[in-house]
Amino acid sequence: HHHHHHHHHQQQQQQQQHNNHGQMSARNFIVAEYMTHVGFASHQGDDFAKSGDREHELKMLTSGKFRETLDEMKIRLSCFPQISKLLDCHQRSQVKEESDETSSEGPLEVNQQGQGHLMILSSMTPATGNCTTARRLQSIASSLGWRSICCDVGDFEDSSALRAFVDEHAITAVLGVHAYRAGKLLLEQDCPYGIVLGGTDVNVMANDPLKLPIMQTALERALCIVSFSHAMRDKTRRWATTQAPTIIMPQAAAAPAPVPFTLPASVKLTDEDRVFLLPCGLRDVKDPSYLVQAFKRWHRLNPHVWLIIVGPSLDKCCYDSLRLAITGQEEKIEGGERKEQLLEQDGVLYLPPLPHPELIGLMHASFAVVNSSKAEGMCGSLLEAMLIGRLVLARAVPGNLELVRHRLTGFLFSSPDEFVRLAKEALEDEEKVHSIVTSARRYVEAHHSQREERRAMKTTLNILKKTC
């Protein structure tokens, strides 16, 4: 390594005695911290950002050779900025130069109809993030000239059922959403495939010793991996080794036009009431009961605040414990399958799922949108809320930390009591809320634009196409 006089890449090496992820404990890695200048090389920036020295530093840190050498030496870099971000930056400066040459050719994409036949393989349970994601990916693929079809992972008994379907429909590539649910069907396929990390796969299932090896193999054999956030990609790299490129696809913030919603007759809201809306499918990772007791205590002191939880019951245990938290009642066992029912007590209300446009209508009528998950990938309802100008309050967990900046674009809480404290503060400080909401909307318009999402999808499809 050459050093410029202003480059002090000190490397502090320390043996990793204990390991909080329990992932690398078998092979003892050395964790080295490296230091570089803050910021990134860029074509805009100040003189130093544009300088040859800066460019050189970026080239060295992102060179494949450098990373291979570190791998051989069993050195892991723990650093700021993360190598992954430098790689993206490097990719961007490459893309910049290429796109300038092509831009003069006018509308390229319209006439590329024969791109191939893409299957998007995902859980298609209505009102879930994976389903929304699959539909969105499908519409981008279609607009890029691919024939595309969404298929539910539940429709295929096993790999051979999927293989038969792929052959029969002359599918040329598959994009699987969720490293486990789609991955376990895809890892035996000959058809080129990519994996879109879902969230629960990385955050929850990676801790399951039976599911982990299946996901590792699925990712190892994938041609590319799509991640909605840097955090999720970095987390995955702790347990997955893959040569495939990871494409960061910032989910585009897009909300359907709002439609008037109807609340059950028993719920009478007035103009003085303030609704905190928690849209989520009822399952353990979403932790829907997290705020219930604290919120009830607050509502008893201030009867104008409401917590409305809306979403499908995806896990009976989770629904039952939410019912217990809200109503204090165990289920009276009655025969037959019961659908979700309205639950209400002390200002906390659970509603069965609403059609998406109605949910957005309810969001418009709410004071704030809440997320209380134990772990998140990239939360769609928070993006929607930020886009339409609603305050967001999110639990401080990795996916949310990447999206929300505390007191700048929303509020982050780490306990139910802290949630109530911040919610009260927001209700009392209209100006503060206004400035947060404005910054949040600007942030999602800049970083979660459909243009960025489309570009990432194009890159992904090009990789899958080269090999088919």
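Author: We begin with confidence. The pLDDT is the predictor's confidence in each residue, from 0 to 100. The protein averages a pLDDT of 84, and 79% of the residues score at least 70. Residues 1-27 have a pLDDT below 50, and this stretch has 46 contacts in the model beyond near neighbours in sequence; a contact means heavy atoms within 4.5 Å. Over residues 95-113 the pLDDT is also below 50, with 10 contacts beyond near neighbours in sequence. This is a predicted model, in which local features need pLDDT of at least 70 and side-chain atom pairs count only at pLDDT 80 or more, while totals for chains, interfaces and linings use all residues. Residues are numbered from 1 along each chain as its sequence is written, and side-chain values use heavy atoms, with hydrogens and water left out.

Reader: How many helices and strands does the protein have?

Author: Helices (H or I, at least four residues) and strands (E, at least two) are DSSP runs, numbered from the N terminus. The protein has 18 helices and 16 strands. Of its 468 residues, 49% count as buried; buried means under 20% relative accessible area, exposed over 50%, and partly exposed in between, with a 1.4 Å probe and protein chains only.

Reader: What span should helix 17 have, and how far apart are its end C-alpha atoms?

Author: The expected span of a helix is 1.5 Å times one less than its number of residues. Helix 17 (residues 430-447) has 18 residues and should span 26 Å; its end C-alpha atoms are 26 Å apart, which agrees.

Reader: Which residues of helix 17 are buried, and which exposed residues does the opposite face carry?

Author: An α-helix has 3.6 residues a turn, so residues three or four places apart point the same way. In helix 17, the buried residues are Val433, Ile436, Val437, Ala440 and Val444. Seen down the helix axis, the buried residues of helix 17 fall within an arc of 100°, so they line one face; the arc is that of the directions from the helix axis to the C-beta atoms. Glu431, His434, Arg442 and Ala446 are exposed on the face turned away from the buried side of helix 17. The packing partners of the buried residues are helix 14 (380-388), strand 15 (391-395), strand 16 (411-413) and helix 16 (416-428).

Reader: In what order do the seven strands of the open sheet lie?

Author: Two strands pair if DSSP finds at least two bridges between them. The seven strands follow the order 12-13-11-10-14-15-16, with mixed pairing. Strand 12 (343-345) and strand 16 are the edge strands, each pairing on one side only. From one strand to the next, the twist averages 20°; axes are lines fitted to C-alpha atoms, for helices over the stretch in contact, and angles run from 0 to 180 degrees between N-to-C directions. Helix 12 (residues 316-327) packs on this sheet, touching strand 11 (305-310), strand 12 and strand 13, and its direction makes about 25° with that of strand 12. Helix 14 also packs on the sheet, where it touches strand 10 (274-279), strand 14 (368-371) and strand 15; its direction makes about 160° with that of strand 14.

Reader: Which way do the residues of strand 15 point, and are they buried or exposed?

Author: Leu391, Leu393 and Arg395 point one way from strand 15, Val392 and Ala394 point the other way, and all are buried. Strand 15 pairs with strand 14 in the parallel sense over four bridges. In that pairing, Ala394 of strand 15 stands opposite Asn371.

Reader: What is the pairing in the open sheet of six strands?

Author: In that sheet the order is 5-4-6-7-8-9 and the pairing is parallel. Its edge strands, each pairing on one side only, are strand 5 (147-152) and strand 9 (246-248). Strand 4 (residues 117-122) and strand 6 (residues 173-177) run parallel, joined by four bridges. The bridge partner of Leu118 in strand 6 is Ala173.

Reader: Where is His178 found, and is this residue buried or exposed?

Author: Most residues other than glycine have a negative phi. His178 has a positive phi of about 100° although it is not a glycine. His178 is in the loop between strand 6 and helix 7 (183-186), and is buried, with a relative accessible area of 0%. Ala170, also not a glycine, has a positive phi of about 50°. Ala170 lies in the loop between helix 6 (159-168) and strand 6, and counts as exposed at 52% relative accessibility.
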